[in-house]
Amino acid sequence: MVRHISILVTGKVQGVFFRATTKAKADELGIKGFVRNQPDGRVYIEAEGDPVVLSAFEFWCTTGPTRARIEHLDVIGGDLKFYSDFSIQ
């Protein structure tokens, strides 16, 4: 079973290698989707994978890389988009 989630990360998440480390973590866990910076300073992630693995990924997003300071995480389920890999946009 595969699930899709969208994550919006608020805090000090740009300029701290958040996208690069998110991709590394997604690749490590076998998650497909993408990560991108938003114009308002937040980071947006779409992720697809096994629900247990997505849970671990979501938990990792609550802290992110060492220099990040996460203030808030919005997670919303959605329809599968069948991504073939995980990319940085």
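Reader: Hi! Is glutamate 46 buried or exposed?
Author: Glutamate 46 counts as buried, because its relative accessibility is 5% (buried means under 20% relative accessible area, exposed over 50%, partly exposed in between, with a 1.4 Å probe and protein chains only). This is a predicted model, where local features need pLDDT of at least 70, side-chain atom pairs count only at pLDDT 80 or more, and totals for chains, interfaces and linings use all residues. Residues are numbered from 1 along each chain as its sequence is written, and side-chain values use heavy atoms, leaving out hydrogens and water.

Reader: Thanks! Where is glutamate 46 found?
Author: Glutamate 46 sits in strand E3, residues 43-49 (helices, H or I, at least four residues, and strands, E, at least two, are DSSP runs numbered from the N terminus).

Reader: And which side chains make polar contacts with the side chain of glutamate 46?
Author: Tyrosine 44 is one of them, at 2.6 Å, and lysine 81 is another, at 3.1 Å. A polar contact is a pair of N or O atoms within 3.5 Å; within protein, one must be able to donate a hydrogen and the other to accept it, and residues adjacent in sequence count only if both atoms are side-chain atoms.

Reader: What else does glutamate 46 touch?
Author: Not counting residues up to four places away in sequence, glutamate 46 touches residues including His4, Ser6, Phe34, Tyr83 and Phe86 (contact means heavy atoms within 4.5 Å).

Reader: Switching topic: how many salt bridges does the structure hold?
Author: The structure holds 4, a salt bridge being a side-chain nitrogen of Lys or Arg within 4 Å of a carboxyl oxygen of Asp or Glu. Lysine 23 and aspartate 27 form one of them, 2.7 Å from N to O. Another links glutamate 28 with lysine 25, at 3.2 Å, and aspartate 40 pairs with arginine 42 at 2.8 Å.

Reader: Why are lysine 23 and aspartate 27 about one helical turn apart?
Author: Because they are 4 residues apart in helix H1, residues 18-29. Lysine 23 is partly exposed at 26%, and aspartate 27 is partly exposed at 42%.

Reader: Is glutamate 28 buried or exposed?
Author: Glutamate 28 counts as exposed, with 57% relative accessibility.

Reader: Last one: what about tryptophan 60, where is its place?
Author: Tryptophan 60 lies in helix H2, residues 51-61, and is buried, with a relative accessible area of 16%. Leaving aside neighbours within four places in sequence, tryptophan 60 is in contact with Phe18, Thr21, Thr22, Lys25 and Pro65. From lysine 81, tryptophan 60 is 21 residues away in sequence and 22 Å away in space, C-alpha to C-alpha.
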